[in-house]
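Open your viewer and get ready to click along. We'll hop from stop to stop, with a word on what to select at each.

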Amino acid sequence: MVHSVYSNKDSFLRELVSNASDALDKLRLEAFRNKDLDVDTSDLHIDIEVDTGARTLTIRDNGIGMTRDEVVGLIGTLAKSGTAELRQQLREAKNEAASEELIGQFGIGFYSSFMVADKVELLTRKAGESDATRWESSGEGTYTIESVDDAPQGTAVTLHLKPEDAEDELHDYTSEWKIKGLVKQYSDFIAWPIRMEVERRTPPAEEGGEEVVTIETETINSMKALWARPKEEVSDEEYKEFYKHIAHAWDDPLEVIAMKAEGTFEYQALLFIPSHAPFDLFNRDASVGVQLYVKRVFIMGDCDQLMPEYLRFVKGVVDAQDLSLNVSREILQQDRQINAIRRRLTKKVLSTIKDLQSERPEDYRTFWTQFGRVVKEGLLSDFDNQDALLRISSFASTHSDEDATTLAEYVERMKDGQEQIFYATGETRQQLLKSPHLEAFKAKGYEVLLLTDPVDEVWVGNVTEFDGKPLQSVAKGEVDLDSGEEQSEAEREEQEKEFTDLLAWLKETLSEHVKEVRLSSRLTESPACLITDAFGMTPALARIYQASGQAVPVGKRTLELNPSHPLVTGLRQAHQDRADDPTVAETAELLYGTALLAEGGALEDPARFAELLADRLARTV
Ligand code: ADP
Ligand code: MG
C-alpha cells in the first residue's frame, strides 16, 4: 500500500512546530502534576528564528525538553538503525515527490527536516535537569552527541538549509513572508504562541526623509482551537492540517466529525476517521487516538476511556468543560460524564460510517478495507451497538467475486422460504468456495457469506440474528435445504434404512474421531464432511483460543455422508459383503481423513493417513 503523501517539502515546518507544541503540552501537564518541578510556565511559546546570512532556521520551544537518553532513543535511532533502509531508498529516490512519499511511509516527523536541511542541530534541556544535550546530524546515518552545561530549558532545532536555489523562490525558508505563510497554513490552530521577529518598515515621515526599520516580535498564529470554532467557519484545509498535527499523519482524513454538546455535560469533540490503517492497528499496546482537553487545556493523549477499543483508529480531540484539571486515568474510568461522552461519540462515529456507506460508497469501501476487521471486534464487546455494527459491516459472499455485501442486501436477495442467513468461516475465500460444506448451498442457489477474518470465527458465536433472521453456519448443526426437488418422505425413509448398518458400523469404527455419523443433505459432490454441533466450538475457533494461550476442549464432530457418492455406496456394499476385511475399515479412515482435509483441517496423524493412501494407490496404478 502506498500512502499518498502531501507532496510538499514545506511540511517539515508543520512537523517541527507540532513537536514543539507537544513538548509545551507535556511541560504544562508535568508542572501541574509535579509541584516539585521548578520550572517557569508563565510564558510557554515557540520561537522561529531566521538567520539569512548563515541560512539557518531555528524552531525553539521552552517545553519539556529531552534527556540525553531520550535524544538517543527518540531522535538518534531515527537517524541511525531503523532508517538505514529509508536512507538507502531516499538516495535512490528519483525525485522529491518520491522521497517525500518515503518519508511519509516511514512516518518520521522529525526526520522530515532533512528534506530541506543538509545539517540539523538539536540543543535540548529537560525540565528539572541541569545538563543539556547537543545533537547533530546530516541525516546520513551518523550523528554526534555531547553534553553541554548551559542551555535554556526546552528544545531548539536548527536547520542548516540546503544551498539556495535561485530558481526556487517558492521554497525560500529564510523569507519572513514564506514562514508566516506556512505557519498560517499549517499551524494556525496551535494553542501556543508561535513568535517570530519581523521587520516593520515605517515610511519616511516627510519627503526625502528616511524609512525607519524596526524589529518587532510578532505572534504569527491565531491560536484558536479549531474544535471551538463554528464548523462553518473552518475550512477543509484547516481540518486536514489539524488532523496531520494530532494524528501525526501525512495523509488526509477520510472523514471529519465535529460535535458540540450543551446542557448537563458540556463538551466539544473533533474526530477524524483516517484513510489508512496504521501498521500497528492490531498491536494491543498501540495508542488510541483521542486526546482529552479540559477547558482548552491539554490533559492527556491516548485517552482510551473516550473511545471503545474497536474504534481505536479514530483520532481527535474532546474538550470537556466540567472536568477537573487534575483528573487521572483511574478517575476517568469511573467518571459518569466520560462514560456518557464515550457512548455519544461511539454512536456518532457509527452513524457517520453508516452515512458514508449510503452516501459515499467508494469511501465506505476504503474504510471497510482498512478498518473492518477492527470494527467487527465490537460485535464481541459492544452489545448496545450490535445492530448498528451489523448494519455498517460488509462481507464477502458467494453472490459476487468482487463486491462485499451488507447484511441488508443479503436479506433482500434471500430466496422464497429461506429463513436463515447462511455463512461459512475459514481461512481464505478459495478454501471456503471449495469446502464440501458449501456444495448443496451452491447447487441449490443459496447465497453464503464467506467470513475469513479471524475475528469472524469469534463474533458469529455472539450474534444470533440480524433483522429477525438467524445466522446459520453451513458447517454447523442440521440444515434442511428446501430445493423444491426434495426427496419424498418415503424415499428418504427407504434410504435411511439402506444405510442404517453402515452408519452404525462407521460410528463405532471411527469412534475415536467422530461422535455421530448421518446422511447429509448438504453434499452434492464430496463423499463426506464434518459438522459441528449447533452450539459447539469449531476447530478454527479452538485454534484461535489456543493461539491466545487458552486450552479448550474440541468436542468430537458429526460425520455426514453423501448417500449418492460412489465411495459411500461402494463402502456400504463392501461393508455388507466383507464386514471383517480390514481394508474396509481403512477405507472408512480414509473417508474421514478426506473430509477433514477438504475443509482445510489438519489430520491428527498425517503419517498414518499418507501410509494408507499410498498403499491404496499402489493397488490401483
Ligand atoms: P512523533 O512526533 O510522531 O512521535 P517525531 O519524529 O516528530 O515523531 O518525534 C519523535 C519524538 O521525539 C517525539 O515523539 C518526542 O518524544 C521527541 N521530540 C521531538 N521533538 C521534540 C521537542 N521539540 N521537544 C521534546 N521532545 C521532542
Ligand atoms: Mg512529530
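Which of the twelve residues around ligand 1 come nearest? Select Asn-19, Asp-61, Leu-74, Phe-110 and His-248: these come nearest among the twelve, where a residue is near if one of its heavy atoms lies within 4 Å of the molecule.

Before you go further, some housekeeping. This is a predicted model, in which local features need pLDDT of at least 70 and side-chain atom pairs count only at pLDDT 80 or more, while totals for chains, interfaces and linings use all residues. Residues are numbered from 1 along each chain as its sequence is written, chains are lettered from A and ligands numbered from 1 in the order in which they are written, and side-chain values use heavy atoms, with hydrogens and water left out.

**Stop 1: around the ligand**

One of the ligand's oxygen atoms sits 2.8 Å from a side-chain N or O atom of Asn-19. At Asp-61, the distance from a side-chain N or O atom to a nitrogen atom of ligand 1 is 3.0 Å. For His-248, a ligand oxygen is 2.6 Å from an N or O atom in the side chain. On its own, ligand 1 exposes 530 Å², and the protein buries 82% of that (areas by the Shrake-Rupley method with a 1.4 Å probe).

Now color helix H1 (11-33) and helix H2 (68-79): each gives at least two residues to the shell around ligand 1. Helices here are DSSP runs of H or I with at least four residues, and strands are E runs of at least two.

**Stop 2**

Most residues other than glycine have a negative phi. Click His-248 again, in the loop between helix H6 (236-247) and strand E9 (255-261): its phi is positive, about 50°. Then jump to Asp-302, between strand E12 (297-300) and strand E13 (315-320), with a positive phi near 45°.

**Stop 3: a salt bridge**

The structure holds 44 salt bridges, each a side-chain nitrogen of Lys or Arg within 4 Å of a carboxyl oxygen of Asp or Glu. Select Arg-413 and Glu-447, which pair at 2.7 Å, N to O. Arg-413 is in helix H12 (residues 407-413) and Glu-447 in the loop between helix H14 (439-443) and strand E17 (448-451), so this bridge ties together parts 34 residues apart in sequence.

How values were computed. Polar contact = N/O pair within 3.5 Å; in protein donor to acceptor, adjacent residues only side chain to side chain.
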